[in-house]
Amino acid sequence: MPAQSAEQLWKDFNETTNTNGASYQTRWFGEQNKPAKVQALTDAILSGAKTATTTPLDSYTAEQVAIPQVGDYNVLLNGDMKPVAILKTVVSELIPFYRISGEHAYHEGDGDGTIGDWRKRKTEEFTPALEEHGAALTPDTPMVSEVFEIVFRAD
């Protein structure tokens with residue numbers, strides 16, 4: 001059952017570990033206006049099938065959102081925007097689109113897990129957003145490649 005609030009989940013986590021004054025952001029995967037997709041991605045994370053994600057650098061800069069850094073904490077929200085876990089970023093790298101590894105693609109937990117399928121799916125996903133910002137997806141488009149782990153779950 002999700003915690004009452006992100007703040008309460010963070011407080012519960014801090015009672016079990018020493019985060020040395022670390023802070024957190026709330027985070028969900030997928031588009032907030034598509035709760036079923038957000039829930040499916042949340043379920044994949046909670047099951048361990050999804051431990052990585054990739055986002056065009058342009059998305060962070062256009063939306064003026066901080067790029068994930070190693071050691072960042074995020075309270076994971078489900079499709080109902082309720083907190084269900086705390087994630088910690090363990091890898092964050094800037095990599096050109098066509099240099100994303102097959103291993104990373106597999107750990108994203110989408111499709112059939114191959115790099116070919118990943119490239120096809122991500123091309124379809126990233127192209128419209130990049131075009132909205134006046135950019136195009138090329139083999140060299142900078143991507144933020146992130147790996148995270150669950151460090152705490154809501155009761």
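Axes here are lines fitted to C-alpha atoms, for helices over the stretch in contact, and angles run from 0 to 180 degrees between N-to-C directions. Contact means heavy atoms within 4.5 Å. This is a predicted model, where local features need pLDDT of at least 70 and side-chain atom pairs count only at 80 or more, while totals for chains, interfaces and linings use all residues. Residues are numbered from 1 along each chain as its sequence is written, and side-chain values use heavy atoms, with hydrogens and water left out.

**Exercise 1. Work out how the sheet is put together.**

Step 1: Find the order. Five strands make an open sheet, S1-S3-S4-S5-S2, with mixed pairing. At the edges sit S1 and S2 (52–56), each pairing on one side only; two strands pair if DSSP finds at least two bridges between them. From one strand to the next, the twist averages 35°.

Step 2: Zoom in on S4 and S5, which pair in the antiparallel sense over eleven bridges. Ser 92 stands opposite Glu 146 in S5.

**Exercise 2. Find out which way H1 faces and where it lies.**

Step 1: Pick out the buried residues (under 20% relative accessible area, 1.4 Å probe, protein chains only). In H1 (6–14), they are Ala 6, Leu 9, Trp 10 and Phe 13.

Step 2: They cover an arc of only 100° around the axis, so they're on the same side of H1. That arc is taken from the directions from the helix axis to the C-beta atoms.

Step 3: See what covers them: S1 (24–27), S3 (73–77), S4 (83–96) and S5 (142–153) are included.

Step 4: H1 lies across S1, S3, S4 and S5, at about 85° to S4.

Key:
Buried means under 20% relative accessible area, exposed over 50%, partly exposed in between (1.4 Å probe, protein chains only). Helices (H or I, at least four residues) and strands (E, at least two) are DSSP runs, numbered from the N terminus.
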